[in-house]
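Colleague: Could you walk me through this model and tell me what stands behind the terms you use?
Modeller: Gladly; here it is.

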Amino acid sequence: MSQGNEVQRYAANERWNHWLTAITFVLLAASGLAFFHPTFWSLSAVLGGGESSRMLHPIIGVVMFASFMIFAIQKFSDNVMRSYDWKWLGQIGDVLANRDDRLPAVGKYNAGQKLAYWAMLLTMLALMASGIIIWREYFSHMFAIDTLRLAALVHAVAGALLIITIIVHVYAAIWVKGTIGAMTKGTVSRAWAKHHHPLWYQSIDKR
Amino acid sequence: MATATTMNIVNRSATTAEMPIKSNPDIAVAKLIDESKCIGCKACQVACMQWNDNRDEIGSMVGVYDNPADLTTKSWTVMRFNEVERADGGLDWLIRKDGCMHCEDPGCLKACPAPGAIVKYENGIVDFVKDNCIGCGYCVAGCPFNIPRISKTDHKAYKCTLCSDRVAVGEGAACAKSCPTKAIRFGKKKDLVAWADQRVKDLKERGYQNAALYNPQGVGGTHVMYVLRHGDKPEAYNGLPSDPQISPTVGLWKGMTKSVLSWGMAAAVAVGIAHYFIKGPKTVDEKEV
């Protein structure tokens, strides 16, 4: 589990899957934004134009959903909110001001990461369900027109909320130095683990 | 008969640039369908097929005169036959020529995400531009009349064009030209509204107390209008909505949602960048262990 100055945070298969989710997300966000608002229409070029975006977006969506759900199931128990998470969240001002010494000890994920997890899980479920309904090629004919309209609205809202969540997620990885290695080489430094996730560090240090 | 009208575009799907939006009342065209004069001969369906070079697949008899049973990508107009029992025990045979209503405020255009795939001309005609259509089907969700159909072969949306290609050169709609009883008339909208008022008056004198012009204001009026003998219950005509409007769900989807959440995404990026410059990165002293 731990070697030298580094500790393992994500196994190779978890990292591979994470980047599959990430790449499919970028393709979906680009093509989805093109459908969402005319200002973003030029992003339809990412998938080769409007027609191929319309064709590929739902297929790529299924891949992202499957990939994310595997990750979400693996990380479910690590993301249940605990009492110290609520305390941590109450001190969000200290978190943002980098006054980390005042924060309560947290496990593998802090409350911010856990909330991002739940936001991603809920928006992905909403996107998949509504996405099926508005997938004209195979499914739309099975649904009533009011269901279709509601699904289109839900899909747009959930998609935008997911994009906002991912912006926060990516920013957190840039802001908190030493984090990105967890998803590239799979490890973080002992100091990073002990500083940001002391309860998790204790649990792996014993092993 | 209408004279040649300008085909200036006044509204265009998925376009943020300011446009006039409304048609020009001086040149706006319309089709008036006088249900009281319709004999259900389907000459209009044939003329539509012929002019637009559409050859639908041969369907099958479904037990009523409606043939084909529904609008398709190749049948842009369909006669709807309705047998309605009257309060006095008699039977009304109500026939309505169904097809695109060419709304002044088109729900299809509002819902469409592809720039220029749906346009509205200065003369009021709402047209699908095949080259720009991506086949997503959002127009289906936007339409209050259940009109657009998406092709299973070329994945494009189709509906009545109000013969925009004929109108551009001063001809009327093919269906109007073929109608043997002149139940379908094509011309300037203001002339046809005046003519319809006379027809309604005439029908009322003949005992149809509820005769009315169908030009629903919930969608800003339409460029295809009906004279209905039973104008108080348009639903009797195969579910013609009495007060059609763009669904509030579609309004929310294409209104507030679009702008508020676009700004929300931009704000998330801006706040992140600002935070990084104000508070700086979160670092760990590697000697902490």
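Colleague: What makes E10(B) and strand E11 (residues 224-228) of chain B a pair?
Modeller: Strands here are DSSP runs of E with at least two residues, numbered from the N terminus, and two of them pair if DSSP finds at least two bridges between them. E10(B) and E11(B) have three bridges, in the antiparallel sense, so they qualify as a pair. B:Ala212 stands opposite B:Leu228 in E11(B). A word on the source: this is a predicted model, where local features need pLDDT of at least 70 and side-chain atom pairs count only at pLDDT 80 or more, while totals for chains, interfaces and linings use all residues. Residues are numbered from 1 along each chain as its sequence is written, with chains lettered from A and ligands numbered from 1 in the order in which they are written.

Colleague: Why are strands E9 (184-188) and E10 (212-214) of chain B said to stand at the edges?
Modeller: The open sheet has four strands in the order E9-E2-E11-E10 (chain B), with mixed pairing. E9 and E10 of chain B each have a single partner strand, so one side of each lacks a neighbour in the sheet.

Colleague: Which residues have the most contacts inside the largest nonpolar core?
Modeller: Among them are B:Ile118 and B:Cys112, in a core of 102 residues. Helix H6 (residues 145-175) of chain A gives the most to this core, 12 residues.

Colleague: What is B:Ile118 in contact with, beyond neighbours within four places in sequence?
Modeller: Contact requires C-beta atoms, placed from the backbone, within 7 Å. B:Ile118 meets this with residues including B:Cys112, B:Phe128 and B:Cys139.

Terms used: Core = buried A, V, L, I, M, F, W, Y, C linked by C-beta atoms within 7 Å. Buried ≥ 20, exposed ≤ 12 C-beta atoms within 10 Å, placed from the backbone. Contact = placed C-beta atoms within 7 Å.
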